[in-house]
Amino acid sequence: MDRQVKTTSLHRQMSLIILLCWLLPMLIAATATGWYLITGVGRQTEQAMAEQLQLNLRMGGDRVTTAVEASRLSSYDPELREAWSAYCQNENYAQLYRRCSALFGRLYQSDSRFRYGVFCFAEDPEEMSITVVSGSSGLLTSRQVRERWQEDLPAVLELAQRLDTAVGFLEQGGEVYLVRNLMDSEYQPIGVLALALNLPYFFEDLSLLPWASSVAVELGENTLLTMKGDAPPSPGRGVLECTVTERDFTLRGCAALDYDTLLSGLLGYRWLLPAMGLSLLLLLLLTFRFFRRRVSRPIDKLLEGAARIQEGNLGCLVDCQTGSREFQYLVDSFNQMSGQLQHQFDCLYQEELARKDAQIKALQAHINPHFLNNTLESINWQARMSGDVKASKMIEALSTVLDAALDRKGRPEVRLAEEMTYVNAYLYIVRQRFGKRLTVDLDLPDELMDCMVPRLILQPVIENAVEHGIGPGGQGRVALRGLRRDGFLILEIDNDGGLSPQDEAHIARLLSPDYDMAGEPSGNIGIANVNLRLRILYGPDCGLSIFRGEGSRVTARLTIAAER
């Protein structure tokens, strides 16, 4: 606001009252205010330190993630598998050692994230190993690394046996190893890769926290590292804890507060506050009247304005004659902030309108599915009026499948009974195509119909079974059955189309946890999408599996958590 109000400094007014009425009224106010400031600042400081610890731990977690990604480079490089395949044919270890040593040296010798790396072959891990020493190793020699590795090898191999294709971390003799198994194209182990982490690179920021007396980091399940102090902090008061969860690991950090450092600047208040408190009793009434008129009233006005903003009255102004320069500055700042808030809200509202308009235009560029559904309904009535019952039923079935795909209610899960209405509609359409050449058997007990399943989870699998279940003879049989077992809903779809080795390899690739659907043709991602949806919704114990059944039959099994 531009208006100028003649005011007097609040400091001068308070100083005049203190000189006239003595300092006694100040003690109670000073003690209460001091206690409020100390406790309030303490909470704010602890929160700020917790945020700093979380930030530093997140930085360390990001660096560990880059190390995990670097450990995968050798898996992606075809040189290792080619060298191993050549060794399996001619058993020339010298050639295998030379090729693999060049590979690991190229990948990790100049990487400052690792002190050294060791790769031991599964055939003879004690004798067949490759050592790579990085420039960040602290002048370790290959001989020193090999001597240390002989002591750490049993623990590394024990951890590797539990990892499969995952990564793990192991603290052994002051070193922290990043351990992973390297597999050939048939997922048979070639060997174990262990990379010794350069800990200062990952967690040096945590060791430099000035307000912490001790800091510890837990990487994985059993790897506890003391980054500062003689021992890790014990859980309790004055210990900050935070966690960073990544895809391949969980990083936990804890830091003990150094109260001597934090409270060193407040020791003077131990004598100052009692001295001020002795001066507060004589003129309490006069001080109360003064604060009521010059402090409480302007604050109440500001609180009323804040309440109006909270109620949605953006841009409201506070009209208050405070009588002091400081509170008048706060009132003017509040009014300015309120106007800026209104302006920003208007800008956001305009941006949201523009975004909605862009979405509407994008939707208008495609076929409107609601229009298509309404058109089908019109065609259905026309078919009924013409007496074409078969066409009418096919249109109704197609409309049911389309309505399920639209998902107007936005429900991620539906009852199995509702899911079966979509399946039956799809099967009705398919039966019109194949006629008596296709036989469909349904065996679903009534007690399963109330189980919740993801919407449209069965139709892609049944479609795949139908397409592959019609054999060269032009006939086929598809069966759908279900049961509950150990807290899971099991749905199985059988077909007698057979399964070739090429089909098994293709299915294994589509159902792999690392499968990327981005570059896959749309016709191949149906079962991959089903598997991914089940794993995301219910965890790694659930999903889709396809395997050989009895005779030439092929079974697709959907595992869904029935109790969550």
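Me: Which residue comes after H4, and is its phi positive or negative?
Reply: Glu91 follows H4, and its phi is positive, near 55 degrees. Helices (H or I, at least four residues) and strands (E, at least two) are DSSP runs, numbered from the N terminus. Most residues other than glycine have a negative phi, and most peptide bonds are trans.

Me: What sort of model is this, and how are residues numbered?
Reply: This is a predicted model, in which local features need pLDDT of at least 70 and side-chain atom pairs count only at pLDDT 80 or more, while totals for chains, interfaces and linings use all residues. Residues are numbered from 1 along each chain as its sequence is written, and side-chain values use heavy atoms, with hydrogens and water left out.

Me: How many helices and strands does the protein chain have?
Reply: The protein chain has 17 helices and 16 strands. It holds 564 residues, of which 39% count as buried. Buried means under 20% relative accessible area, exposed over 50%, and partly exposed in between (1.4 Å probe, protein chains only).

Me: Back to H4. How many residues does it have, and how far does it reach?
Reply: Helix H4 covers residues 78-90, which is 13 residues, and reaches 18 Å from its first C-alpha to its last. That is close to the 18 Å expected at 1.5 Å a residue; the expected span is 1.5 Å times one less than the number of residues.

Me: Which of its residues are buried?
Reply: The buried residues of H4 are Leu80, Ala83, Trp84 and Tyr87. Seen down the helix axis, these buried residues fall within an arc of 100 degrees, so they line one face of H4. The arc is that of the directions from the helix axis to the C-beta atoms. An α-helix has 3.6 residues a turn, so residues three or four places apart point the same way.

Me: What covers that face?
Reply: The cover of the buried residues of H4 includes helices H3 (73-76) and H5 (93-108), together with strands E1 (114-121), E4 (175-183) and E5 (189-197).

Me: And what is found at the start of H4?
Reply: There, a side-chain oxygen of Asp77 comes to within 2.9 Å of the backbone nitrogen of Glu79.

Me: Let us turn to Ser74. Where is it, in a helix or a strand?
Reply: Ser74 is in helix H3, and it is buried, with a relative accessible area of 1%. Its side chain reaches the backbone oxygen of Ser71 at 3.4 Å.

Me: Which residues is Ser74 in contact with?
Reply: Leaving aside neighbours within four places in sequence, Ser74 is in contact (heavy atoms within 4.5 Å) with Leu80, Phe104, Leu107, Tyr108, Leu182 and Leu193.

Me: New topic: what is the volume of the largest pocket?
Reply: The largest pocket has a volume of about 1,400 Å³. It is lined by 39 residues, and those nearest its centre are Arg72, Thr165, Ala166, Val167 and Arg180.

Me: Which element gives the most to its lining?
Reply: Strand E3 does, with five residues. H3, helix H6 (142-163), E3 (167-172), E4 and strand E9 (250-257) each supply at least two residues.

Me: What counts as a pocket or a cavity?
Reply: On a 1 Å grid over the protein atoms alone, a cavity is a set of points where a 1.4 Å probe fits but cannot get out, and a pocket is an open set with protein on both sides within 12 Å along at least five of seven lines; lining residues have an atom within 4 Å of a point. Grid points are joined across faces, edges and corners, and a volume is the space filled by probe spheres set on the points.

Me: How many cavities does the search find?
Reply: It finds two cavities of 30 Å³ or more in the whole structure. The second largest cavity has a volume of about 30 Å³, and its lining includes Phe104, Tyr108 and Leu193. E1 gives the largest share of that lining, three residues.

Me: Which loop holds Asp164?
Reply: Asp164 lies in the loop between H6 and E3. It is exposed, with a relative accessible area of 51%, and its phi is positive, near 60 degrees.

Me: And where is Tyr187?
Reply: Tyr187 is in the loop between E4 and E5. At 56% relative accessibility it counts as exposed, and although it is not a glycine, it has a positive phi of about 60 degrees.

Methods. A polar contact is a pair of N or O atoms within 3.5 Å; within protein, one must be able to donate a hydrogen and the other to accept it, and residues adjacent in sequence count only if both atoms are side-chain atoms.
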